[in-house]
Amino acid sequence: QEWKNASSFSRALYEKGIIAPPITKPAVDEGDARIRISFMASHNRIHVDQMLNAFEEIGRQMTLI
């Protein structure tokens, strides 16, 4: 289930223009999943706020938060 959630979350982020791939086994334990985010020097506070807002919106839509 966690892999499906991470994959769906990643896809929803991508639809908002945010590339954040899911991380699954073997990088994390069986049954766990994560989302990988990366920042570059060209990202600014507006980008970070947009990403955080997208995480919150999607998390609420998926009832993860």
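The structure is a predicted model, in which local features need pLDDT of at least 70 and side-chain atom pairs count only at pLDDT 80 or more, whereas totals for chains, interfaces and linings use all residues. Residues are numbered from 1 along each chain as its sequence is written, and side-chain values use heavy atoms, with hydrogens and water left out.

**Overall fold**

The chain holds two helices and two strands, and along the sequence these follow the pattern α-β-β-α. Helices (H or I, at least four residues) and strands (E, at least two) are DSSP runs, numbered from the N terminus. Taken along the principal axes, the C-alpha atoms fill a box of roughly 35 × 25 × 15 Å.

Of the 65 residues in the chain, 22% are buried. Here buried means under 20% relative accessible area, exposed means over 50%, and partly exposed lies in between, with a 1.4 Å probe and protein chains only. Among contacts (heavy atoms within 4.5 Å) with a separation of 6 or more, 46% are between residues 24 or more positions apart.

**Packing of the two helices**

Two packed helices are described by the angle between their axes and the distance between the axes. Helix H2 spans residues 45–61, and H1 packs with H2 at an angle of about 130°, the axes being 10 Å apart. This angle makes H1 oblique to H2. The axes are lines fitted to C-alpha atoms, for helices over the stretch in contact, and the angles run from 0 to 180 degrees between N-to-C directions. Angles under 35 degrees count as roughly parallel, over 145 as roughly antiparallel, 65 to 115 as roughly perpendicular, and the rest as oblique.

The crossing of H1 and H2 is right-handed; by convention, a crossing is left-handed if the near helix is turned anticlockwise from the far one by less than a right angle, and right-handed if clockwise. On the H1 side, the contact is made by Phe9, Ala12 and Leu13, and on the H2 side by Ala54, Phe55, Ile58 and Gly59. By class, this contact of H1 with H2 has six nonpolar residues, one polar residue and no charged residues. In this classification Ala, Val, Leu, Ile, Met, Phe, Trp, Tyr, Cys and Pro count as nonpolar, Asp, Glu, Lys and Arg as charged, and the others, Gly among them, as polar.

Ser10 also belongs to helix H1 (residues 2–15). With a relative accessibility of 12%, Ser10 counts as buried. Apart from residues up to four places away in sequence, Ser10 touches Ala20, Pro21, Pro22 and Ile35.

**Salt bridges**

Side chains of opposite charge can pair when their charged atoms come close. A salt bridge is a side-chain nitrogen of Lys or Arg within 4 Å of a carboxyl oxygen of Asp or Glu. A search of the whole structure finds four salt bridges, including those in the table.

| Glu57 | Lys16 | 3.1 Å |

In the salt bridge of Glu57 with Lys16, Glu57 lies in helix H2 and Lys16 in the loop between H1 and strand S1 (22–23), so the pair ties together parts that are 41 residues apart in sequence. Glu57 counts as partly exposed at 36% relative accessibility, and Lys16 counts as partly exposed at 41%. Glu30 and Lys25 are both exposed. Arg60 and Glu56 both lie in helix H2, four residues apart, which is about one turn of the helix. Glu56 has 37% relative accessibility and counts as partly exposed.

Thr24 is placed in the loop between S1 and strand S2 (34–35). At 23% relative accessibility, Thr24 counts as partly exposed. Leaving aside neighbours within four places in sequence, Thr24 is in contact with Trp3, Asp32 and Ala33. Thr24 and Ile65 are separated by 41 residues in sequence and by 20 Å in space, C-alpha to C-alpha.

Pro26 also lies in the loop between S1 and S2. The peptide bond from Lys25 to Pro26 is cis, with omega near 10°.

Thr63 lies in the segment after H2. Although Thr63 is not a glycine, its phi is positive, at about 55°. The relative accessibility of Thr63 is 67%, and Thr63 counts as exposed.
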